[in-house]
Amino acid sequence: MSLTDILSPSDIAAALRDCQAPDSFSPKKFFQISGMSKKSSSQLKEIFRILDNDQSGFIEEDELKYFLQRFECGARVLTASETKTFLAAADHDGDGKIGAEEFQEMVQA
């Protein structure tokens, strides 16, 4: 399964266009534009599984850096400050990584 099986390719493209400039990425805005914030819990679990590149059950800082590229190969890499802000916003238990439940809470917030 791919992200375009769950999210509209045009919504993904619009979300990526919105954050093309370095330091313009806002997770909340990205989730809204891409349509992720309207998805069911089971759909968000599937999206999380796709984004969890190493299938560890967590999205770590190294994976977050390439978050946009999971949606489109040519998308930019998140800046260090964007990555840290994204991680801090979702990592509720302070373990330095985002679990599936933390991800779902962040997307649906």
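**View 1. K97 sits over the ring of F58.** In this predicted model, K97 lies over the face of F58, 4.3 Å from the ring centre. A charge counts as over a ring if NZ of Lys or CZ of Arg is within 6 Å of the ring centre and within 35 degrees of the ring normal. Residues are numbered from 1 along each chain as its sequence is written, and side-chain values use heavy atoms, without hydrogens or water. Local features need pLDDT of at least 70, side-chain atom pairs count only at pLDDT 80 or more, and totals for chains, interfaces and linings use all residues.

**View 2. F25 and F30 form a tilted pair.** The whole structure holds 10 aromatic pairs (rings of Phe, Tyr and Trp, the last by its six-membered ring, with centres within 6.5 Å; planes under 30 degrees apart are stacked, over 60 edge-to-face, the rest tilted). Here the centres are 5.7 Å apart and the planes of F25 and F30 meet at 55°, so the pair is tilted. Both F25 and F30 are buried (under 20% relative accessible area; exposed is over 50%, partly exposed in between; 1.4 Å probe, protein chains only).

**View 3. F67 meets F86 edge-to-face.** Their ring centres lie 5.0 Å apart, with planes at 85°. This pair links distant parts of the chain, 19 residues apart: F67 belongs to the loop between helix 4 (61-65) and helix 5 (80-90), and F86 to helix 5 (helices are DSSP runs of H or I, at least four residues, numbered from the N terminus). F67 is buried at 2% relative accessibility.

**View 4. One aromatic cluster.** Its members are F25, F30, F31, F48, F67, F71, F86 and F103.

Conventions
Helices (H or I, at least four residues) and strands (E, at least two) are DSSP runs, numbered from the N terminus.
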